[in-house]
Structures are given as C-alpha cells and as structure tokens.
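Here is a short report on one protein chain. Look at the fold first, then read on.

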Amino acid sequence: RILIIDFGSQVTQLIARRVREGGVYCEIHPFNKVTGESIREFNPKGVILSGGPASVTHDDTPRAPEELFETDLPVLGICYGQQTLCAQLGGEVSPGKHHEFGRAQLEVIDDCILFDGVWSKTDTDQVWMSHGDTVTKLPDGFRVVGKSGNAPFAAIADDARRYYAVQFHPEVVHTPRGAELLKNFVHRVCGCGGEWTMAHFRAEEIAKIRKQVGDKRVICGLSGGVDSSVAAVLIHEAIGDQLTCIYVDHGLMRLNESEQVVTVFRDHYNIPLIHRDASDLFLGKLAGVTDPEKKRKIIGGLFIDVFEEEAAKIGGADFLAQGTLYPDVIESVSFHGGPSVTIKSHHNVGGLPERMNMQLVEPLRELFKDEVRDLGRELGLPEILVGRHPFPGPGLAIRIPGEVTREAADILRQADAVYLDEIRKAGLYDEIWQAFAVLLPVKTVGVMGDSRTYDHVCALRAVTSTDGMTADSYPFDHSFLSACATRIINEVRGVNRVVYDCTSKPPGTIEWE
Ligand code: XMP
C-alpha cells in the first residue's frame, strides 16, 4: 500500500487514481493529520507527497512530518511535494521569476528508475507544469535527471535513499507518459505488486460501511443514474435490509426508465424500494412556470419534501446514503464560498441530512465516474444502468425550454428514445459523454404527405467530455443526423423539424437550462 500525503492540490485524487490503476491500494491523508506514528500504523511501502497551493518560501506553510525521513521508506515528491522535500532535506527553493503553467518540454538528462521503459537520456517529451516557486539548490545526495525551460531541477533522484521528485504533474493526462512514471515508482521503487482490484475496493468499502452504520437504518434516494445505483447495491451488500431505497418519480424521466429502476432493484437485487409516483404533484407545480431557475428550485424543493414524507412513513433513518463522487466533492468545495457565480442551481438533496438529522454514507467519494462504472460491473449491475449517460436531477424539465407539460414531456421522451436508439445502433453510445433531445417551444411549418404541418422543433445534443465541466459537440456524420431527423419526424407526433446543437461548453452549457 501507498500513502499519499495531501498538501491541497486540486489533482491529488488523480494520483490516487493512477496508483489504483497500477493495481495498488492507496490512501490520501491530509498533511496535518500525518505523524510519524500514523505512518508506522498505516505501514505503507512508499509515500507520495502531493502538490499544493502554498509556497515553501513562506514560514508556517505545510511540511511533511520530519519522522518520514527517519523511516527508510521511498518518497516521491510532486510539485509542492518536491519543493518541501528539497527544503526539508537541506536544498533551496526560490520564488520563480517565471511562472510555468501548462505544457512544457522535459529534457531527460540522465537515466532513472522512474523513467524505465518510458524515456532514455536525451529524450524530450511533454509534461504539465503548474508552479511559481522553483527548486534552486539540490539537497546532498540528489542528481538531476530532467530539466525544463523554467525548472532546472524538473526531475531529481537520490537512488541511495530512494527519494525521487518531479516539478511537473505526472498524474494529469497532459503529461501523457506520467501514469507510467507513477507506476514505476509504486512497482519498481516501492516493490508493490499489482493485485489490488475493484473487488478489493468492494470488500474494503463493505467493511467500512458495516463499521459506520452498525445496526442502524439507512435510506438512499435512487435517481436511476449510475452513481446512486452503485452506492445502493454496495450498501445493500454490506447491511442488507437495513437499507431502504426511495425512488421519487417526478414524471420527467426518460422512456421506460422508472420501470427499469424498479425491476433492477426490486426484482433483481431484492432491495427494499419505495417507488413514489409524484408526477401529478411535480407537473402541477410546474404549470405556467417558464423561468429555468424557478423550475429547478421547484423541482429541488418538491423532491426534498416528497423524499422526507416517504422517509417519515417508514419511521425515518439515521443515515442518508448518497452516490457522491470525487468530482462532486471538489466542485462543491470550490463552489461553496468560492468566487464563482451560480450558473445553474444544481439539484441535489443538500440540506436534507441536517433537516432530518441524518449522517451521510458516501462510499464513492473517492472515485471517478469510470471507476464507479467498473465497481458497478463488479457488483453485477446490468450494462444498461452502468454505462448510461449522466442525467440531471431535474430531468426532462430542463430539456423543455418554456413551460413543462405532460404532453411536451411525452413528445420529448419519444424523440429522445429514437435518437438514442440510432446512436446505440451506430455503435457510438460509449464514445459520447451525453446525448439527448430537447423540445423547443417554437413551432414551424412543414409538409408531410400533401398536408401542411405546424409542429415543434426538436434539437439534438451530443457532447464529448471527461467530467462535464467542459465539453465539445460530437461531430456526427451528416448522414447520421439526417437519418435521425427522418425517423424522429416519422415516428414522433408533434415534431416536424430537427436541428443539431453544435455549441461547445463554454460558452454553452451541456443542458439547455
Ligand atoms: P451543464 O448543463 O451545467 O451540465 O453544462 C453539466 C453536467 O451536469 C449535469 N447536470 C445536473 N446533474 N443535477 C444533476 O445531478 C442537476 O441539477 C444538473 N444540472 C446539470 C448535466 O446533465 C451535465 O452532465
């Protein structure tokens, strides 16, 4: 196992992810919680020091515990981790004259065990930099193995003590060979095998959930999406019928989605499930409302009310389970109290745990979406659920600009299903982050057979993305789009024109509202 000491970088979780990809168990511990004793207790085979926003040139900024250097454990410092490693071992760090941010060229100066099978002497390759300070004097025992334009000590090594450090970020995809460097550190330097898999994660999390929950009761809001589904199945495996799932159907789900959720959870997994059809309530309150934020707020508020009502009927619970993922954790940290403006009020059950006096169970907090999908497969969830595109909490309401009616939702469900059917048939579903149809409140004139039509415009959207934060419109062949248009207009009553949305994010957003 590997210990990652976190100095607060936005991408520390990516280090963990790369280590896991190498089949090695790891944990991230915040720097201020790590002591010599906690290291001995955790008993790692190696330690990675993460990046971070502080400057080691200031006093009272974070340091690695001194006892770390009294153990004989291998250490890899990344960015801030490199700087503090050097400063603590007798080197020097200075505020850089030139900040380096973004892509840089690494020149390999010498061979190094980290570079085995990746780079040889005199190679150059792209790495990702994000630093202001720079190491300007190496501690005794170190040699330089790589440099970049603004970092003379971009990669350094002390083979005798097995200390290595890099100024760049090997954990991000913009350092294309970085993952291999991290694997060399954990496998070749630290001697970890590569046996750890999602099956181990499953077993470890089950043990943790049992310990956290004891014999208390847990409720989980299912949304039909992959995150809450995987969380629910994992928790059910841990504590059985102490878990009750609540599925609030707001009438704005995709075609057949509610039936699928109920079938999978009740029939396949035998998980206690409350299915509340609240479509009349939601559509009633949405009548006449056209403002996107108002729609979101109404749905979010009603969702919490209904959820609370159903939870009360079964006598409440001590814990609320949520399928929170790591990107959600990071997003809410930077959103709450951060300088960013609210673009959209995201729908979640925020505030509910306090209101109902419940603690949270969030077994997926450290995972990324694709890791959650792997875990879902490990738990035997059907591919249709595991591989499904993300779907927003407010559902089709934010894909119907203007007033949401049952009739509009029915038209949209049909058009969306045809579009996705075409995408699946073309084998494109897994290449696309999210694809969906939008029903516009605009009507246009058309001709079908010999008659005039006057019906709605349907817009098609498909984007590629890695995290939903930025996105590009998917470049379909024109013939594919024409085929979708023909099928939708022929099969869905109420639509007589189809257009494709080719806006990226930014400046657009993925959803239309
Ligand atoms: P936008 O439209 O902001 O969407 O570019 C980014 C990603 O977030 C999803 N999304 C939501 N997910 N509740 C959610 O759970 C919401 O209220 C919500 N709004 C947008 C959207 O589908 C995309 O994947």
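Nine strands make an open sheet with mixed pairing, in the order 2-1-3-4-9-8-7-5-6. Strands are DSSP runs of E with at least two residues, helices are runs of H or I with at least four, and both are numbered from the N terminus. Two strands pair if DSSP finds at least two bridges between them. Strand 2 (26-30) and strand 6 (124-137) stand at the edges with a single partner strand each, so one side of each has no neighbour in the sheet. On average, neighbouring strands are turned by 25° against each other, direction ignored.

This is a predicted model: local features need pLDDT of at least 70, side-chain atom pairs count only at pLDDT 80 or more, and totals for chains, interfaces and linings use all residues. Residues are numbered from 1 along each chain as its sequence is written.

Strand 5 (residues 92-108) and strand 7 (residues 143-148) run antiparallel, joined by two bridges. Glu107 stands opposite Lys147 in strand 7.

Angles run from 0 to 180 degrees between N-to-C directions, with axes fitted to C-alpha atoms, for helices over the stretch in contact.

Gln212 lies in helix 5 (residues 198-213). Gln212 and Leu360 are 148 residues apart in sequence, yet 9.9 Å apart in space, C-alpha to C-alpha.
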